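Hi everyone, thanks for coming. Let me put it on the screen.

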Amino acid sequence: MTEPNAGVIIELKNIRKAFDGETVLDGINLDIHDKEFVTFLGPSGCGKTTTLRIIAGFETPDSGDVYFNGTKINDVPPYKRHVNTVFQKYALFPHLNVYENVAFGLRLGKKIGEEEISKRVKDMLRMVNLSGFERRDVNSLSGGQQQRVAIARALINEPKVLLLDEPLGALDLKLRKDMQNELKNIQMQTGITFIYVTHDQEEALSMSDIIVVMNEGVIQQIGTPTDIYNEPVNAFVADFIGESNILDGVMLEDYKARFSNQTFKCLDSGFKPGEAVDIVVRPEDVDVVPVEKGMLSGTVSSVTFKGVHYEIIVDIGGFKWMIQTTDFVEQGANIGLYIEPDAIHVMKKSEYSGMFGDYSTYSEEMDHLSDVIEEE
């Protein structure tokens with residue numbers, strides 16, 4: 001047993017896991033605090049579900065330790081851990097009605113009277129907006145209603161932690177958004193720590209207190225939704241969380257970056273002069289201006305109406321910029337782009353950068369670098 005960190009309910013220390021010789025988790029270290037809504041976010045195969053299953057006890061790490069309130073639980077079986085899991089497939093008992101599905105956990109090895117069971121089941125169903133559904137056949141329920149039953153069943157034993165493995169993945173868009181709000185409200189009402197797995201960026205941003213972005217078995221960034229979106233630490237996070245223009249660039253000196261064959265003021269510092277960097281500019285942070293007022297200029301190659309804004313693609317020297325604007329711009333028009341210093345995010349080069357398609361090339365920037373430094 002170790003001294004628990006203040007407010008930390010789950011600690012993952014250097015967790016490694018491989019299947020058939022292929023590494024799935026490569027040294028995961030993470031503290032999860034009590035009463036937080038924490039989301040593991042990443043593409044398929046990044047290791048987020050395996051991490052969840054290790055916390056639940058369904059998988060055992062090849063190395064590393066899992067702590068619950070300071071006590072190592074590597075060898076504690078799932079049913080003895082103070083956690084419950086909600087799966088995407090609901091896993092309801094088809095032969096039991098709604099009431100009996102929710103009450104099931106209370107009847108396992110516990111001496112709880114029927115009066116207390118009835119009260120707690122009704123309280124849970126009220127919380128998930130299913131009052132009056134007690135005697136309904138679970139097979140007659142909609143997908144959203146079945147998911148609510150699964151959540152009520154998982155919560156009725158009052159676990160310290162609720163694990164949710166892509167629980168809304170089978171629902172349609174509108175119902176999924178409704179359930180996102182309900183889940184967040186339930187978490188706030190109960191004060192139970194929720195650990196949520198999803199590959200849906202919008203879902204993670206709208207629900208979470210803390211987001212853990214994962215890729216290829218490694219944690220890329222941990223932070224609040226605002227931090228993750230506004231201050232991504234690398235190109236992968238920037239590209240995975242929302243839309244981004246990601247370009248190869250060069251840091252000339254503190255607060256001065258060069259990309260797209262132009263030099264821009266920025267708010268970043270601490271890089272070596274001439275260091276190759278990734279430049280991230282969010283589509284909504286670019287202003288469309290007349291060509292003569294633009295820092296960059298290009299031709300509009302496509303215009304798509306998105307309801308609250310237009311999404312336009314602007315070809316600038318072969319790089320396809322994505323811009324989001326409320327102003328209508330005609331396809332084929334020549335326009336200027338204006339970018340404020342605080343909209344330019346400079347980050348260390350990552351291997352992920354090489355995966356991008358139409359972006360300006362680092363070699364072109366390096367060809368001009370020595371000349372530019374002399375000019376500056």
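Let's begin with the largest cavity: by class, four nonpolar, one polar and two charged residues make up its lining. Here Ala, Val, Leu, Ile, Met, Phe, Trp, Tyr, Cys and Pro count as nonpolar, Asp, Glu, Lys and Arg as charged, and the others, Gly among them, as polar.

A word on the source: this is a predicted model, where local features need pLDDT of at least 70 and side-chain atom pairs pLDDT 80 or more, while totals for chains, interfaces and linings use all residues. Residues are numbered from 1 along each chain as its sequence is written, and side-chain values use heavy atoms, without hydrogens and water.

On a 1 Å grid over the protein atoms alone, a cavity is a set of points where a 1.4 Å probe fits but cannot get out; a pocket is an open set with protein on both sides within 12 Å along at least five of seven lines; and lining residues have an atom within 4 Å of a point.

Which residues line the largest cavity? They are L52, R53, A56, F58, T85, F87 and D165. Helix α1 (48–56) and strand β6 each give two or more of them, with α1 supplying the largest share, three residues.

Now, the largest pocket. Its lining has 26 residues, and Y79, V83, N84, T85 and N157 lie nearest the centre. Both β6 (83–87) and α4 (143–155) give two or more residues, and β6 has the largest share, five. Helices (H or I, at least four residues) and strands (E, at least two) are DSSP runs, numbered from the N terminus. By class, this pocket lining has 15 nonpolar, five polar and six charged residues.
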